[in-house]
Amino acid sequence: MLVIGLTGPSGAGKGEVATLFASWGLPVINADNVYRSLLIPPSSCLRELTEEFGHEILAPTGELDRPKLSSIVFSDPTALQRLNSIAHRYVMEEIRRQLDLLRREGTRAAVLDAPQLFEAGAERDCATVVSVLAQKRLRLERIMERDGLDADSAMRRINAQKSDDYFRAHSDYVIENNGAIENLRPNIKQILLEMGVIEN
């Protein structure tokens, strides 16, 4: 089975591109959704995060207070690295389980939508890597609108991530998402044609 790794910095519109891939019938495994599912109490992953960062990252319900954890890790590169070392281990175990299931079902190709693809070492599981990039101004606006953050918080999130140059250097394909998402449909089609997933 061909696994297409789909990644890119926050606010680039990777989720919209994943939807375009899905429109050709490819199953999409969303790493963020996997992560959220692994944090539902009782959760080994959540317990380990609590041991690392303290009970202040928990909401009164016992669930993860995501804004609280984000405020800790996006202002401290060492804390972000500690978070990733824990979360990636659990997430990749579940992603590989889902990929194995798709293989056994005879799936021809699937998309792994993972913003932390490189940090988790997941590119090694992929036949090709597609990065979605966008102008920093657009990313800032999208993050503020999507996550309800002020400009400083959104910029801290942007600055904590890998540079566009890094994504360009480590990807087989780069998609520039600075306009209407439908304009990218030909790009997706070309990638699928070159990989032999679809025929013209």
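This is a predicted model: local features need pLDDT of at least 70, side-chain atom pairs count only at pLDDT 80 or more; totals for chains, interfaces and linings use all residues.
1. The term is used here for a side-chain nitrogen of Lys or Arg within 4 Å of a carboxyl oxygen of Asp or Glu. Arginine 168 is partly exposed at 39% relative accessibility, and glutamate 176 is partly exposed at 35%. For these classes, buried is under 20% relative accessible area, exposed is over 50%, and partly exposed is in between (1.4 Å probe, protein chains only).

2. Residues are numbered from 1 along each chain as its sequence is written, and side-chain values use heavy atoms, with hydrogens and water left out.

3. The salt-bridge count comes to 11. One of them pairs glutamate 48 with arginine 89 at 2.6 Å, N to O. Glutamate 48 sits in helix H3 (residues 44–53) and arginine 89 in helix H5 (residues 77–104), so this contact ties together parts 41 residues apart in sequence. Helices (H or I, at least four residues) and strands (E, at least two) are DSSP runs, numbered from the N terminus. Both ends are partly exposed: glutamate 48 has a relative accessible area of 22%, and arginine 89 has 43% relative accessibility.

4. Arginine 137 and glutamate 141 also form a salt bridge, at 3.6 Å from N to O. Here both residues belong to helix H6 (residues 136–147), four residues apart, or about one turn of the helix. Glutamate 141 is partly exposed, at 43% relative accessibility.

5. Now for the rings: there are three aromatic pairs in the structure. Rings of Phe, Tyr and Trp (its six-membered ring) pair if their centres lie within 6.5 Å; planes under 30 degrees apart are stacked, over 60 edge-to-face, and the rest tilted. Phenylalanine 118 and tyrosine 166 have ring centres 5.4 Å apart and planes at 80 degrees, so they are edge-to-face. This pair links phenylalanine 118, in the loop between strand S3 (109–113) and strand S4 (128–133), to tyrosine 166 in helix H8 (residues 164–169), 48 residues apart.

6. Tyrosine 166 is also edge-to-face with phenylalanine 167, at 6.4 Å centre to centre and 90 degrees between the planes. Phenylalanine 167 is buried at 3% relative accessibility.
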